[in-house]
Amino acid sequence: MTTTFRDALTAGPLVLDGGMSNELEAQGHDLGGTLWSARLLRDAPDAITAVHRAYYAAGAQVAITASYQATYDGFARIGITRAETTKLLHRSVRLAREAAAGTGWVAASVGPYGAMLADGSEYRGDYGLTVAELTRFHRPRLEALAEAAPDVFAIETIPDLREAEAVLNALDGLGIPAWLSYSIRGTTTSAGQPLTEAFALARGSDSVIATGVNCAPAAETAPALTLVSGLPGVAYPNGGGVWEPEARGWLGAEDEIAELAPSWLAAGAALIGGCCRVGPAEIKELTARLSASAAG
């Protein structure tokens, strides 16, 4: 591509993909265990490529890599060396790039510390760690992903300001733009801090080019976006229900996110897609709704 992701965002909106895990499960893959979909970077990389292709075919313009739970600490727990982990992080970007076939953008997913714990704490935050400790956790993965040259970092499902500050510190000097999106409870982060403060933190970073929410209830997305100022918004909520860590699944009814997508556009979102329980069919419908909204 001759333009940069920053340029494309300015000309937006851009359609993001949907959930990686739900599509892998639909293919019959067992995502049990602490690594979730990241395990398939080693065990079934072709399956990940197939999911990326399905979302691109549905109209997504940006693929989010399967690295959300791919961390040095997490892989070490199952005996994978640091050198092999680095290769798997590189692979996550390469798989999305190959699926894009020169026509789509690649966002390297960076999930919160709580994703590595695999206990649902990315929806709570406050792990009892300092900003410095969280920075040391995030920096090596960011460096490895940067080596694979994604178009942008997707810093996603961040539950509180302490971790947001840590990730922003870890981004320094890497030369790749990022969006920063939070998990939320109404108009606060999952940890209870005002979203106005969370979005202001993002606005103060030279690396961040957009901010908003993901893995959030669809109905809460537009109100949250109205609190973003000074940056384009990001909106890719869940398809409905509540995550139950013990059951390792989503419980409750699904939402029609495509119906709500135009309201996110109206609230300032320039990056719009879906997260958990959102598949290619929903992204195809969302793309059509956004196109109709823009034309109208």
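Colleague: With which side chain does the side chain of Asp119 make a polar contact?
Modeller: In this predicted model, Asp119 is placed in the loop between H7 and H8, and at 33% relative accessibility it counts as partly exposed. Its side chain makes a polar contact at 2.8 Å, and the partner is the side chain of Ser121.

Colleague: How far apart in space are Asp119 and Gly233, C-alpha to C-alpha?
Modeller: In sequence, Asp119 and Gly233 are 114 residues apart. In space, the distance from C-alpha to C-alpha is 28 Å.

Colleague: What kind of aromatic pair do Tyr113 and Tyr127 form?
Modeller: A search of the whole structure finds 5 aromatic pairs. For Tyr113 and Tyr127 the rings are 5.0 Å from centre to centre, with 50 degrees between the planes. An angle over 60 degrees would count as edge-to-face and one under 30 as stacked, so the pair of Tyr113 and Tyr127, at 50 degrees, is tilted.

Colleague: Which parts of the chain does the pair of Tyr113 and Tyr127 link?
Modeller: The two residues are 14 residues apart, and the pair links distant parts of the chain. Tyr113 counts as buried at 17% relative accessibility, and Tyr127 is buried as well, with a relative accessible area of 18%. Tyr113 belongs to helix H7 (residues 113–117), while Tyr127 is in the loop between H7 and helix H8 (131–147).

Colleague: Why is the pair of Tyr113 and Phe137 edge-to-face?
Modeller: Phe137 is buried, with a relative accessible area of 10%, and ring pairs link Tyr113, Tyr127 and Phe137 into a cluster. The ring centres of Tyr113 and Phe137 are 4.9 Å apart. Because the cut-off for edge-to-face is over 60 degrees, the class follows from the angle between their planes, which is 75 degrees.

Colleague: Which residue lies over the face of Tyr72?
Modeller: This contact places a side chain over a ring, at 4.1 Å from the ring centre of Tyr72. The residue over that face is Arg82.

Colleague: With which side chain does the side chain of Gln193 make a polar contact?
Modeller: Gln193 lies in the loop between strand E7 (188–189) and helix H10 (195–203). Leaving aside its neighbours within four places in sequence, Gln193 is in contact with Pro159, Asp160, Leu161, Thr187 and Thr188. The polar contact of its side chain, at 2.4 Å, is with the side chain of Thr189.

Colleague: Which strands stand at the edges of the open sheet?
Modeller: The open sheet has 8 strands in the order E1-E12-E9-E8-E5-E4-E3-E2, with parallel pairing. An edge strand has a single partner strand, so one side of it is left without a neighbour in the sheet. The strands in that position are E1 (14–15) and E2 (62–64).

Colleague: What is the bridge partner of Val234 in E12?
Modeller: E9 and strand E12 (residues 269–272) pair in the parallel sense over 3 bridges. For Val234, the bridge partner in E12 is Leu271.

Colleague: At about what angle does H10 run to E8?
Modeller: Helix H10 lies across strand E5 (178–182) and strand E8 (208–214). Its direction relative to E8 is at about 155 degrees.

Colleague: Is Gly230 buried or exposed?
Modeller: Gly230 lies in the loop between helix H11 (218–225) and strand E9 (233–236). Its relative accessibility is 69%, and because the cut-off is over 50%, Gly230 counts as exposed.

Methods
Residues numbered from 1 in each chain as written. Predicted model: local features only at pLDDT ≥ 70, side-chain atom pairs only at ≥ 80, totals over all residues. Heavy atoms only, no water. Phe/Tyr/Trp six-rings, centres within 6.5 Å; stacked < 30°, edge-to-face > 60°. Helix = DSSP H or I, 4+ residues; strand = E, 2+ residues; numbered from the N terminus. Buried < 20%, exposed > 50% of the residue type's maximum accessible area, 1.4 Å probe, protein only. Lys NZ or Arg CZ within 6 Å of the ring centre and 35° of its normal. Polar contact = N/O pair within 3.5 Å; in protein donor to acceptor, adjacent residues only side chain to side chain. Contact = heavy atoms within 4.5 Å. Pairing = 2+ DSSP bridges. Axes fitted to C-alpha atoms, helices over the stretch in contact; angles between N-to-C directions.
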